[in-house]
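Please prepare a short briefing on the pockets of this structure, with the residues and elements that line them.

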2 protein chains.
Amino acid sequence: MKKREEITAQTKQNIIDAFWGLYCEKRIEKIKVRDITDKAGYNRGTFYEYFTDVYDVLEHIENSLIPTLDELPPVSMPSGTIGMPLDMFLKLYEQNSRYYSVLLGDNGDPAFASKLKNSIKPTIVKVFADKQNVDQIELDYIMEYTLSAMIGIMSYWVKRSEHLTSEKLFELIFRLMEEGVMKQLPR
Amino acid sequence: MKKREEITAQTKQNIIDAFWGLYCEKRIEKIKVRDITDKAGYNRGTFYEYFTDVYDVLEHIENSLIPTLDELPPVSMPSGTIGMPLDMFLKLYEQNSRYYSVLLGDNGDPAFASKLKNSIKPTIVKVFADKQNVDQIELDYIMEYTLSAMIGIMSYWVKRSEHLTSEKLFELIFRLMEEGVMKQLPR
DNA sequence: AAATTATACAACATGGTGTCGGATTATTCA
DNA sequence: TGAATAATCCGACACCATGTTGTATAATTT
């Protein structure tokens, strides 16, 4: 006989897992509470003991995937170069690729990309911090450019089941950031 | 007395406009058919004469915003440089900023970004075409990087109500692409 | 082992969906 | 012109999903 807390934690997790199975296959608007509880093996009413609606489940999952400042993965890069946030970002993706590929994909949640960007921003700000001669507005644009590019290429990477080693990918992004796109296309 | 076709075209447009008004304010899952027809001044049943459901309206709008190959805006740039697709992209954004800022925003549709990328891809392929020494796989990654960065920074631009001239923005992106991110941060 | 607490369920009222047939308005053609 | 035809738009219907409430059952406490 299991403890109460373990049971409810298990139930909640079962609901989450059932939801995620469905979310990987179809758009969230096509997922009914009934579908989830059927798949998880509970009564429909039980769902509402844990979540307010289908979107609440997604939010729960998303929040567990957004690193807070203090729990960002440790980096092995010297600070002050683009290598630092890049290394951190890559670790995040490696840890959560199963989820990121869906959340950042075509049936994903556009708000999740924003949340992710905001959680990474402070690290990049640090890299840019000692660059004094740049206009703040321009810096914001460069920030958005950098974050979008990183998220874009890494999403592509996990979607392609990582058919490049993470070292190769790191190398490539580093070069793209340091030297620009066109320099990577010789001839 | 107006012609039949004009009336129905008008009705359809009224429904689209009403939908868009709501879509700018809230997530699509909160938009009911009833809300749309109330705002447009029709019976709820009339909606189904024109669209199958709420998502169908969005798809209709999206399709009208994805340029087909032959109707891409004309560019004033020499081909073979990143300036060409960049110029094209910028024109697209200027023409449709009202819609793009919403569709590519936090309450937007992640699939729309993909559609847009795919419609632009051929133009960038042209730019990359004469670069022979690069691995195809690596090229795909660079493509994704480029497209994501462009869409990201331009979405930011239209969201900020274009508080940079398009020329300034063009200049900035051009430099970021040609010389890299870090080179834009002196000191 | 009895009392207490909490989990999971069945049943209900409400509200949204999509589809009819019919009323009304515009167009066609005698 | 005006009767016949065709289409738009509407009201009503059956169905499904939602979210809530009261209750049986199982676990924990004393």
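Four helices, H6 (110-129) and H7 (136-159) of chain A and H6 (110-128) and H7 (136-159) of chain B, each supply at least two residues of the lining of the largest pocket, where helices are DSSP runs (H or I, at least four residues) numbered from the N terminus. This is a predicted model, in which local features need pLDDT of at least 70 and side-chain atom pairs count only at pLDDT 80 or more, while totals for chains, interfaces and linings use all residues. Residues are numbered from 1 along each chain as its sequence is written, and chains are lettered from A in the order in which they are written.

**Largest pocket**
- The largest pocket has a volume of about 910 Å³, the space filled by probe spheres set on its grid points.
- Among the 37 residues that line the largest pocket, Ala113(A), Lys117(A), Ile151(A), Ala113(B) and Ile151(B) are the closest to its centre.
- By class, this lining has 12 nonpolar, 12 polar and 13 charged residues.

**Second largest pocket**
- The second largest pocket holds about 640 Å³ of space, and of its 33 lining residues Ile28(A), Glu29(A), Arg27(B), Ile28(B) and Glu29(B) lie nearest its centre.
- H4(A) gives the most to the lining of the second largest pocket, with 5 residues.

**Glu29(B)**
- Glu29(B) is found in the loop between helix H1 (4-23) and helix H2 (33-40) of chain B, and is buried at a relative accessible area of 16%, buried meaning under 20% with a 1.4 Å probe and protein chains only.
- Leaving aside residues up to four places away in sequence, Glu29(B) touches Tyr55(A) and Tyr55(B), contact meaning heavy atoms within 4.5 Å.

Conventions. Side-chain values use heavy atoms; hydrogens and water are left out. On a 1 Å grid over the protein atoms alone, a cavity is a set of points where a 1.4 Å probe fits but cannot get out, and a pocket is an open set with protein on both sides within 12 Å along at least five of seven lines; lining residues have an atom within 4 Å of a point. Ala, Val, Leu, Ile, Met, Phe, Trp, Tyr, Cys and Pro count as nonpolar, Asp, Glu, Lys and Arg as charged, and the others, Gly among them, as polar. Buried means under 20% relative accessible area, exposed over 50%, partly exposed in between (1.4 Å probe, protein chains only).
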